[in-house]
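Welcome! Let us walk through this structure together, from the meeting of its chains down to single pairs of residues.

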Amino acid sequence: MKETLQELKKKIAKRKFYNKIFAFIGFISTTVGIILLAVLFIDLAIDGAQRISYKFFTSFPSRFPEEAGILSAWVGTCLVMIVTAAAAVPLGVGAGIYLEEYAKKNWFTNLIEININNLAGVPSIIYGLLALGLFVYFFNFGESVLTGGLALALLILPIVIMATREAIRAIPNSMREAAYALGATKWQTVKDHIIPYSIGGILTGIIIGMSRAIGETAPIITVGALTFIAFLPPSPIEPEFPFLNFKWLMAPFTVMPIQMFNWVSRPQQAFHLNAAAAGIVLLVMTLLMNALAIYIRYKFRKKIKW
Amino acid sequence: MKKKIFSKRYIIETMIEGSLMLSAVFSIFITLGIIFVLCYESLEFFKEIPIKDFLTGTVWTPLFANPQFGILPLVAGTLLTTAVAVSVALPIGLITAIYLSEYAPHKFRETVKPILELLEAVPTVVYGYFALLFLTPLLQKVFENLSGFNALSPGLIMGIMIVPYVGSVSEDALKAVPMHIREGSYAMGATKLQTAFKVLIPSAFSGIAAAFIMGISRAIGETMIVAIAAGMMPNFTANPMEPIQTLTSYIVQVSLGDLPHGTIEYKTIFAAGIVLFIMTLSFNIIGFWLKKRIREAY
């Protein structure tokens, strides 16, 4: 009897030991991703930091790596993002509000929901093919800022819709009932209560979607963005009336990730340094946007207590 | 009280509801648009190339003087990088999920999860740079026969990139297992490890399988990492040391060139696109179906 008790204790000790080993393995595997991020950042910094200067942001691409810069790329990215936001934000937030507040539970709403889930899983390059067939050739927008921006807008639409819905779903029903009890119409309830309460979550979703769009390369390549552009699109702001100019929508363009891709694919090592520098700029842009999104989410979660 | 149909308020309400509904219905038009564009252009393609040759051919040289259109090398390349990625992402993702949901202290989990989510925020072109210029040279010191472009290095990076995704879907599945099942196991004297592997994983199996399947779908659709680091060689092989080409990177390669609209080469990217779309769609559908079963289980 005594022996078996000892055996039992031994067994228990062994199991506890395995448990500890697994906890350690779990910790290691959790940190693998973080280590990768750190190494990635250090590697980019070592290669690219030397190329980052004021001149790098104000020069056009060039045959000579030391002269080359990202002026046309970052201007292009900004313009494309304007189009993307202008298309994806109203459509995405509108669809989210409709599905949460207005839609009746029937097969059609169900179909829309399944469809949005499914769109979120479609590879980005397929959106590029859609934009190529539809915007470039069918609507004849050409290989322009407008085409690129719309392609990215379609791509991030599911992200914006899902974030909007999640934010609205967190609002308790008592809020709606209170508004209806005071005689507010549905739209008044949405406009004065639902949107202000959920704006934190909606903004988070929009920012995450936009940061994804900034880094997206494949659909932009497919719609035929150029890799070498040594001029800027016409300025959207004019000194004379009506002060706004929409010619830039139809201009050919390049964006940051494409400029980086172009430099990576060249055999010369000097261009790889430029790629690393462009990578740093891209990474800082997307990580800052994500940090902002996390901050907004955190702040709003703290502020609102139902 | 009867509704005044023509009151100003009623008209505005109806108009707003209508426009909100239109924006929701718009998402269906996107799907229809994708299906229409892919089918329209690839039907033109299949008029010239018999679909049987396309699906069974093992040589893909559409840009050569004597073109051959067998899609299998591209499918093989896609599956090869996907296999490498998933064999990294599944174990690491699952172990991370178990660790975060069962072992890690609350504070650690709350700090680590947002950092892990950043892995998905990094632009894929940056990962491509990293795979080609950092990881491949490093791996070449271990495997001497590894070529400069290969399926291994982009596959590994892709795998770590989808870890947070696989991890969070698995974690949702583990969290859906009711507490009393865990408590039952602990009451029998089981350690956390035994509970995790003998109780939680079997109970959450369909959710974990969903994570696995949807991870595969992500890896199949990933473009820039393979376009940069895997080479552009349609190679019918299962050897991850060699350069290959995937469906996605073929589309990139053709789009970079200046192909006139309407040529057979132009239509090949839509044919490759439809194969890619069907592959990811079927994995996604299986994944959704499995994920739905989590909620039905208890």
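How many residues does the contact take from chain B and from chain A? The contact takes 73 residues from chain B and 76 from chain A. Please keep in mind as you read that this is a predicted model.

**Where the chains meet**

The size of an interface is often given as the accessible area lost when the parts come together. Between chain B and chain A, about 6800 Å² is buried, and carbon and sulfur atoms give 79% of this area. On the side of chain B, Glu13(B), Leu20(B) and Tyr129(B) lose the most area to chain A, and together they make up 9% of what that side buries. The rule finds eleven residue pairs in polar contact across this interface (both at pLDDT 80 or more), while the count of salt bridges between chain B and chain A is zero. Helix H1 (residues 8-48) of chain B brings 18 residues to the side that touches chain A, the largest share. Sorted by class, that side of chain B has 51 nonpolar, 17 polar and five charged residues.

Which residues of H8(A) meet H1(B)? They are Lys186(A), Trp187(A) and Gln188(A), and their partners in H1(B) are Arg9(B), Glu13(B), Ile16(B) and Leu20(B). Helix H8 (residues 186-215) of chain A packs against H1(B) at an angle of about 65°, and their axes are 9 Å apart. Three nonpolar residues, one polar residue and three charged residues form this contact of H8(A) with H1(B).

**Domains inside each chain**

Chain A is divided into domain 1 (2-51) and domain 2 (54-303), and chain B into domain 1 (8-48) and domain 2 (72-297).

| Domain pair | Buried area | Share from carbon and sulfur atoms |
|---|---|---|
| Domain 1 and domain 2 of chain A | about 840 Å² | 76% |
| Domain 1 and domain 2 of chain B | about 940 Å² | 80% |

In chain A, the C-alpha centres of domain 1 and domain 2 lie 37 Å apart. Eight residues of domain 1 of chain A are in contact with 13 residues of domain 2 of chain A. Phe41(A), Leu44(A) and Arg51(A) supply 71% of the area that domain 1 of chain A buries against domain 2 of chain A, more than any other three residues. Across this interface the rule finds two residue pairs in polar contact (both at pLDDT 80 or more) and zero salt bridges.

In chain B, the C-alpha centres of domain 1 and domain 2 lie 30 Å apart, and the contact takes ten residues from each of these domains. Leu38(B), Glu41(B) and Phe45(B) of domain 1 lose the most area to domain 2 of chain B, together 56% of what that side buries. One salt bridge is found across the interface of these two domains of chain B.

**Charged pairs**

Side chains of opposite charge can pair when their charged atoms come close. How many salt bridges does a search of the whole structure find? Over all chains, the search finds eleven salt bridges. Arg169(A) forms a salt bridge with Glu100(A), with the closest N and O atoms 3.3 Å apart. This pair links distant parts of the chain, 69 residues apart: Arg169(A) is in helix H6 (residues 145-169) of chain A and Glu100(A) is in helix H3 (residues 71-102) of chain A. In chain B, Glu48(B) forms a salt bridge with Lys267(B), and their closest N and O atoms are 3.5 Å apart.

Note on methods: Residues are numbered from 1 along each chain as its sequence is written. Chains are lettered from A and ligands numbered from 1 in the order in which they are written. This is a predicted model: local features need pLDDT of at least 70, side-chain atom pairs count only at pLDDT 80 or more; totals for chains, interfaces and linings use all residues. Side-chain values use heavy atoms; hydrogens and water are left out. Domain bounds come from an automatic or database domain assignment. Contact means heavy atoms within 4.5 Å. Buried area is the accessible area (1.4 Å probe) that two parts lose on being put together, summed over both. A salt bridge is a side-chain nitrogen of Lys or Arg within 4 Å of a carboxyl oxygen of Asp or Glu. A polar contact is a pair of N or O atoms within 3.5 Å; within protein, one must be able to donate a hydrogen and the other to accept it, and residues adjacent in sequence count only if both atoms are side-chain atoms. Helices (H or I, at least four residues) and strands (E, at least two) are DSSP runs, numbered from the N terminus. Ala, Val, Leu, Ile, Met, Phe, Trp, Tyr, Cys and Pro count as nonpolar, Asp, Glu, Lys and Arg as charged, and the others, Gly among them, as polar. Axes are lines fitted to C-alpha atoms, for helices over the stretch in contact, and angles run from 0 to 180 degrees between N-to-C directions.
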